[in-house]
Amino acid sequence: MKAYNFHSLLRLSKEISHCLKSSKTVRPLMCQRCYSSLNNKLLSARSSLVLIDNLNKSAKNKPVEKSLTNNRQLSSNKQSSFTNHQPSRTYSQQKDGYRSKVYGLVDDFSNPIDRIQSFVDKPIISEENYMFKPTEENIRSAQKLFIPGHGNKIQFLKSALMEEHLPVYDLPEIAFIGRSNVGKSSLISILLSQTDVMVRTSKSPGHTKLLNFFQIGKHFTLVDMPGYGFNMPKHYSGSVERFLASRKKVCRTFMIIDGVDGVSRHDVTCLNMLEDFQIPYVIVLTKIDKAKPATLLKSFMSALKYQQQTTHCFSQPFLVSSMSGEGIPQLQAFIGYVTGNLAVHGM
C-alpha cells in the first residue's frame, strides 16, 4: 500500500467508507472486483491507523527528558530557528498536552516574523518598524498575567449590548475586532487557555452577537466584539461602533485579519473606521498554521501596505496561531505593555 501520513490515512478511510456506504444503493452497478478492492483498501487503511495510534501511545510512555532531547537534536540537524533553551511548558504541555501531540514543541521566544523572513533575502519589515522585541523575561512576566492565582482572578464578567449595559470599573480595556469567522473567539480562548474561563467558539460565521467582557485580575479587561461582514448583527453600528467611538477605557484595539485570505474589502472598511475614530490599534494576522509560507508572506506584506497608509495603527503586525500557539507569547507581551502592566526596553 502507498505510504500515507496519519491525516491522509484518516481522510482516505473516510472517503472509502463513504463510497462503500453509497455503493449499497447502487450495488448492481458496481462489479464485485471493484467492491472487494475498495473494501481491502479500507481494511488496510484502518489497520495502519491502529498501528499509528499504538505507536503514539507507546511514545507517550517514554521519559519526557529523552523526548525533549531528541526533539532538540532533530531541530539542530534541520537547522531550526529554535534557540538552545528548553521551551517553557506554558503552551506546549497544556490542555492535556494537545500542542505537544499535534504540533510538537513551539518556541515561546521566537517571533513568527523571523520564520517567514528566512524565506526571502530582503527585509520584509524595516528595523525602525520592527520595534517590539520583548526579552525572555518580558515574555515570562506577561504569561503570568494570564495565569489565575492568588490575587489574580480571571473571569467572564458579562455580555452587553448597548452603552447603558456596559460594566463599570477602573481598568484599561483591549478590544478584539475582525470579520465574521476570522477566529477572534478562538484567539481569546487560547489567550485564556490556562484558566477555567469558557470562551464560546463556533465554525458558523457571526456566532458572537454581543460585547463579551473578560476581566484579567486587576490588570485589564478583554472585550470580544461581534464580527463584521457576513451574518453581522443588525445592531452592529449601535453597539460595536458606538462602543469604539465613545469608550474612553479602550487603550488598544486588536484588528484580527485572516492570515490565509489576507486583507479583505470588509477589513479595509474597518481600517477606515478605526482611522476616522482616531483609535490606536494593531493588526494581528491569525490562522498562520493554515497558511503556506508564500501565502503568509503575501498576507503579511498586504497588511504592511495598508498599515503604512494609516496614522493610528502600530507599525508592527503580529502573527499568531490559535491552534499551535505560535506567536501567542509575543502577543501576550504586547497586551501587557499596552495595558501598562509590562515595561519593555526600547518602547
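Modeller: A residue is called buried under 20% relative accessible area, exposed over 50%, and partly exposed in between. The model discussed here is a predicted one.

Biologist: Does Asn-212 count as buried or exposed, and at what relative accessibility?

Modeller: Asn-212 is found in strand E3, residues 211–216. The cut-off for a buried residue is under 20% relative accessible area. Asn-212 falls under that cut-off and therefore counts as buried, at a relative accessibility of 15%.

Biologist: With which side chain does the side chain of Asn-212 make a polar contact?

Modeller: Leaving aside neighbours within four places in sequence, Asn-212 is in contact with Phe-156, Lys-158, Ser-159, Leu-222, Val-223 and Asp-224. One of these residues also takes part in a side-chain to side-chain polar contact with Asn-212, at 2.5 Å, namely Ser-159.

Biologist: In what order do the seven strands form the open sheet?

Modeller: The chain holds twelve helices and seven strands. The seven strands form an open sheet with mixed pairing, and their order is E1-E3-E4-E2-E5-E6-E7.

Biologist: Which strands stand at the edges, each with a single partner strand?

Modeller: The sheet is open and runs in the order E1-E3-E4-E2-E5-E6-E7. An edge strand has a single partner, so one side of it is left without a neighbour in the sheet. The strands in that position are E1 (154–160) and E7 (318–319).

Biologist: How many residues of strand E5 are buried?

Modeller: Strand E5 covers residues 250–258 and has nine residues. E5 is largely enclosed by the rest of the structure, because the number of its residues that are buried is eight.

Biologist: In E5, what is the bridge partner of Gly-178?

Modeller: Strand E2, residues 173–178, pairs with E5 in the parallel sense over six bridges. Gly-178 has its bridge partner in E5, and that partner is Ile-256.

Biologist: Through which helix does the chain cross from E5 to E6?

Modeller: E5 also pairs with strand E6 (residues 281–286), in the parallel sense and over six bridges. Within this pairing, Phe-254 has Val-282 in E6 as its bridge partner. The β-α-β crossover from E5 to E6 is right-handed, and the helix on its path, residues 265–277, is H10.

Biologist: Against which elements do the buried residues of H9 pack?

Modeller: In H9, the buried residues include Tyr-236, Gly-238, Ser-239, Val-240, Phe-243 and Leu-244. The elements against which the buried residues of H9 pack are E2, E3, E4 (220–224), E5 and H10.

Biologist: By about how much of a helix are Glu-136 and Arg-140 separated in H7?

Modeller: The side chains of Glu-136 and Arg-140 meet in a salt bridge, with an N to O distance of 3.7 Å. Glu-136 counts as partly exposed at 33% relative accessibility, and Arg-140 likewise counts as partly exposed, at 41%. Because the two residues are four apart in helix H7 (residues 136–145), their separation is about one helical turn.

Biologist: How many residues apart in sequence are the parts that Arg-247 and Glu-173 tie together?

Modeller: Arg-247 and Glu-173 form a salt bridge in which the closest N and O atoms are 2.7 Å apart. Arg-247 lies in the loop between helix H9 (236–246) and E5, while Glu-173 lies in strand E2, so the pair ties together parts whose separation in sequence is 74 residues.

Biologist: Which of these values is the relative accessible area of Glu-173?

Modeller: Its salt-bridge partner is Arg-247. Arg-247 counts as buried at 15% relative accessibility. Glu-173 is buried as well, with a relative accessible area of 0%.

Biologist: Which residues are linked with Arg-179 in a network of salt bridges?

Modeller: The side chains of Arg-179 and Asp-258 meet in a salt bridge of 3.2 Å, N to O. This pair links distant parts of the chain, 79 residues apart, with Arg-179 in the loop between E2 and helix H8 (184–191) and Asp-258 in strand E5. Arg-179 and Asp-258 are both buried. The network of salt bridges links Arg-179 with Asp-258, Asp-261 and Lys-287.

Biologist: How many salt bridges does a search of the whole structure find?

Modeller: Among them are the bridge between Glu-136 and Arg-140 and the bridge between Arg-247 and Glu-173. For the whole structure, the number of salt bridges found is seven.

Definitions and conventions. Residues numbered from 1 in each chain as written. Predicted model: local features only at pLDDT ≥ 70, side-chain atom pairs only at ≥ 80, totals over all residues. Heavy atoms only, no water. Buried < 20%, exposed > 50% of the residue type's maximum accessible area, 1.4 Å probe, protein only. Pairing = 2+ DSSP bridges. Right-handed = clockwise from strand over helix to strand, strands pointing away. Salt bridge = Lys/Arg side-chain N within 4 Å of Asp/Glu carboxyl O. Polar contact = N/O pair within 3.5 Å; in protein donor to acceptor, adjacent residues only side chain to side chain. Contact = heavy atoms within 4.5 Å.
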